[in-house]
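Let's take a friendly walk through this model together. Keep the viewer open beside you as you read.

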Amino acid sequence: MDPSGRWRQALNGFLFQPVDARAAAWFRMAFAVALPWFFWSRGLRGPDGATAPVRWLYEHVFLSFGYWLAVLALCVPMAWGWRPRLVGCLLVLVLLPLDFLSVGSTSRLVMLFALLAFSCVRSDAVRIPWRASDRSRLHGAGPSWPVRLMQLQLTLLYGANAIAKSSPSYLRGDVLMDYSIALPNFRVDLSGGMLELGPVAVPVVLAAVASAFTEYFLAIGFWFGRWKWITALVGLGFHFSLTFIVQIFMLHYATVFLYLAFLLPLVGRNVPAGHGGKTDPAGGSGGPGIKRRMNPAASRGRGQIVRDPVAWRGGGEIPPAS
Amino acid sequence: MISNLPSTVTGSRTLDQILFFGILALMVLATPLLLVYYRSPFCKIVVVAITSEGERLPRKTPKPLKGIRPGIQGAERLIRDFARTPAALELAPPDGRLEWSVHFSKSLTDTIQSTRLKGVRIVATGDNR
């Protein structure tokens, strides 16, 4: 196969693996519960420098309790699995104005993109995940590319911050020292060059280098299956320790929430053997005549089977199982 | 025949790919908005001469220290280096001293506008003779 064909094959494999319906249902429910909390906006202000009509809109509509109740009302059918794609898209539109508030726009932007991506998942393939039978899991939740978008969002968040923090002034500790002087949400004074955490005093330069290095690790670590749980633990520790240094409005929680996109078995999961003769447009089933491929990287010795959707790119009849 | 074509969102794999790359492009474009605490706040150096009677006399900020620049630490280093030079001695009144201060932005969204610089940090008030 020529190189471009190999790239296309790899891309299709990356984008069109089936999404596990039960994992998607769990994620959908978690998302529906988390959204009203992430977008709680009472007491906040509209965008700085807004014109009078826009200010009026924010004060009387978008930041009102009734608006938040409307968001909550939309999250209920989403949690239940009633037309989650439609409800998800509606929620994106309804929540978009709240991304322009004076505080917390970063975390909201992250959640909005995740919601936009997740709206493309057929997350109602299983409505109640703890009641799903093996049969219902045959109907997959669609292709993996919406999940990949959420994963890439997390990678972009950590990766971009790591690259931005690779400047000499940051790695010297100057930036952290400056912020501890300038910003009221910094909980410690680093101007003396030391970060005091209880009985331990750490040079700020060490803290700065460690934070940049950690963000590089978090940007990359989740993509390696064997490392994802360790990466998640490192991330939790990183964000937990940050809470002692600086108060970041919701960004900690939004970031950790996206860990679920990697930790839940959403993509490339074992799909049980299908029932002969049935068509499955969702593409989530196994069964006779279905070409299977062992994926040693994913199996970890447990014999996990991963469908290779690329095998059917050319269309036509599926060869019988050998 | 069992149909096991992979599923799509839009019904067409090409459209799916367009949608994927479209949303990804939006995410990449929005990435600068996700950067936090990576760059020092902007600041401005101000110098005031204080006479032996306590009178405060504003002085023009010397050329090497003029303008808006990022970084309080950097500004402090510049002041300390400049304060040792003969040019600094010329600014100080006889029997008086110079008070250096760094005015910095307190908001991450503040742009390079001196009128929005609110915080003040006194760097050196000693005798500059």
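pLDDT is the predictor's confidence in each residue, from 0 to 100. For chain A the mean pLDDT is 82, and 80% of its residues reach 70 or more. Over residues 270–322 of chain A the pLDDT is below 50, and beyond near neighbours in sequence this stretch has 100 contacts in the model, a contact being heavy atoms within 4.5 Å.

A few ground rules before we go on. This is a predicted model, in which local features need pLDDT of at least 70 and side-chain atom pairs count only at pLDDT 80 or more, while totals for chains, interfaces and linings use all residues. Residues are numbered from 1 along each chain as its sequence is written, chains are lettered from A and ligands numbered from 1 in the order in which they are written, and side-chain values use heavy atoms, with hydrogens and water left out.

**Salt bridges**

How many salt bridges does a search of the whole structure find? Over all chains there are 7, where a salt bridge is a side-chain nitrogen of Lys or Arg within 4 Å of a carboxyl oxygen of Asp or Glu. The table shows some of them.

| A:Asp174 | B:Arg77 | 2.4 Å |

The salt bridge between A:Asp174 and B:Arg77 joins two chains, because A:Asp174 lies in helix α9 (residues 174–182) of chain A and B:Arg77 in helix α2 (residues 72–83) of chain B. Helices (H or I, at least four residues) and strands (E, at least two) are DSSP runs, numbered from the N terminus. A:Asp174 is buried, at 5% relative accessible area, whereas B:Arg77 is partly exposed at 38%; buried means under 20% relative accessible area, exposed over 50%, and partly exposed in between (1.4 Å probe, protein chains only). A:Arg172 belongs to the picture too, as A:Arg172, A:Asp174 and B:Arg77 are linked in a network of salt bridges.

B:Glu99 counts as buried at 14% relative accessibility, and B:Arg56 as partly exposed at 47%.

Where does B:Ser40 lie? Look in the loop between α1 (13–30) and β1 (42–50) of chain B. B:Ser40 is buried, with a relative accessible area of 7%. Leaving out residues up to four places away in sequence, B:Ser40 touches A:Asp174, A:Val175, A:Asp178, A:Tyr179, B:Pro70 and B:Gly71. The side chain of B:Ser40 also makes a polar contact with the side chain of A:Asp178 at 2.6 Å. A polar contact is a pair of N or O atoms within 3.5 Å; within protein, one must be able to donate a hydrogen and the other to accept it, and residues adjacent in sequence count only if both atoms are side-chain atoms.

**A strand residue in chain A**

A:Ala201 is in strand β2 (residues 200–203) of chain A, and is partly exposed at 41% relative accessible area. Leaving aside neighbours within four places in sequence, A:Ala201 is in contact with A:Met194, A:Leu195 and A:Glu196.
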